[in-house]
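Trainee: I am new to this structure. Please show me how to read its features.

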Amino acid sequence: MEGVSVRKIKKICVFCGANSGKDVAFVNAAFHLGEVLGKRKIDLVYGGGKLGLMGCVSTAVAQHERQVLGIIPSAFTVNNLVGETCGKEIKVATMQERLVMMMELSDAFIALPGGFGTLEELFQMISWAQLSIHNKPIGVLNINGFFNGLLSFVDHAVKWEFITPRARKILISATTADELVDKLQAFRFEPDPALSKLKWSPSSSQKEKLDLTLRL
């Protein structure tokens, strides 16, 4: 669209369940998201393996001849616990190392329906964006209203001033894959003036002292 800058997204990290859920709509949406990424020539970063929705989206991306990278803790590879990764695989030692690598190697993040692990990954990326550790767009694909309760809770936290309106803008949502990718590409990061002054480089011996209220 004229006058609107479009973010260049080459790799999207998808967080989602290792289960398929009780509604076939979740499986269909995961396959469709993979098709949309493939058609848009966007590569996939994900948690590895072939279980549940993770297997659906990775298979669809690979079928469209785009690169698939699974980042998986070594513990999950014992006894073929999660199945064979569809594409290249990087093994890491810890869950935290996995998430940091996902952040570094991806241009944007999408969460599909999932459980505690999916929610942890989603909110970790949101909090890191709030702290200006990264400035990459984050969205949820709200299939059949799956994330309605979560989005309502986030708005509830805004109402009670535990999340700022500025931070609320970090989390994008859409009901279709195409709409969500469009929103991710149009996303403009608005850093918190105080939090953006924090220095996160490994060489920093200490963080700047700031007069601020952290609303995490």
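This is a predicted model: local features need pLDDT of at least 70, side-chain atom pairs count only at pLDDT 80 or more; totals for chains, interfaces and linings use all residues.

Trainee: How are two packed helices described?

Mentor: By the angle between their axes and the distance between the axes. Axes are lines fitted to C-alpha atoms, for helices over the stretch in contact, and angles run from 0 to 180 degrees between N-to-C directions. Helices (H or I, at least four residues) and strands (E, at least two) are DSSP runs, numbered from the N terminus. Take helix H3 (residues 95-105) and helix H4 (residues 116-130): their axes come within 11 Å and cross at roughly 60°.

Trainee: Which residues make the contact of H3 and H4?

Mentor: Contact means heavy atoms within 4.5 Å. H3 supplies Gln96, Arg98, Leu99, Val100 and Met103, while H4 supplies Glu121, Gln124, Met125 and Trp128. By class, there are 5 nonpolar, 2 polar and 2 charged residues. Ala, Val, Leu, Ile, Met, Phe, Trp, Tyr, Cys and Pro count as nonpolar, Asp, Glu, Lys and Arg as charged, and the others, Gly among them, as polar.

Trainee: At what angle do H1 and H7 pack?

Mentor: About 50°, with the axes of H1 and H7 9 Å apart. H1 and H7 are therefore oblique to each other. Their crossing is right-handed. His32, Leu33, Val36 and Leu37 of H1 meet Ala177, Asp178 and Val181 of H7. The H1 and H7 contact has 5 nonpolar, 1 polar and 1 charged residues.

Trainee: How many salt bridges does a search of the whole structure find?

Mentor: A salt bridge is a side-chain nitrogen of Lys or Arg within 4 Å of a carboxyl oxygen of Asp or Glu. The search finds 7 of them. One joins Asp182 to Arg40, with the closest N and O atoms 3.0 Å apart. Asp182 lies in helix H7 (residues 177-186) and Arg40 in the loop between helix H1 (24-39) and strand E2 (43-46), so this pair ties together parts that are 142 residues apart in sequence. Arg40, Asp178 and Asp182 are linked in a network of salt bridges.

Trainee: Which residue forms a salt bridge with Glu121?

Mentor: Arg98, with the closest N and O atoms 3.9 Å apart. Glu121 lies in H4 and Arg98 in H3, so the pair ties together parts that are 23 residues apart in sequence. Glu121 is buried, with a relative accessible area of 11%. Arg98 is buried at 6%. Not counting residues up to four places away in sequence, Arg98 touches Gly47, Met54, Ile71, Ile72, Pro73, Phe76, Val92 and Glu121.

Trainee: How far apart are the closest N and O atoms of Asp155 and Arg168?

Mentor: They are 2.7 Å apart, in another salt bridge. Asp155 lies in helix H5 (residues 148-159) and Arg168 in helix H6 (residues 165-168), so the pair ties together parts that are 13 residues apart in sequence. Asp155 is partly exposed at 38%, whereas Arg168 is buried at 18%.

Trainee: What is phi of Lys41 near?

Mentor: Phi of Lys41 is near 60°, a positive value in a residue other than glycine. Lys41 sits in the loop between H1 and E2 and is exposed, at 58%. Asn144 also has a positive phi, near 50°. Asn144 is placed in the loop between strand E6 (138-141) and H5, and is exposed at 58%.

Definitions and conventions: Residues are numbered from 1 along each chain as its sequence is written. Side-chain values use heavy atoms; hydrogens and water are left out. Buried means under 20% relative accessible area, exposed over 50%, partly exposed in between (1.4 Å probe, protein chains only). Angles under 35 degrees count as roughly parallel, over 145 as roughly antiparallel, 65 to 115 as roughly perpendicular and the rest as oblique. A crossing is left-handed if the near helix is turned anticlockwise from the far one by less than a right angle, and right-handed if clockwise.
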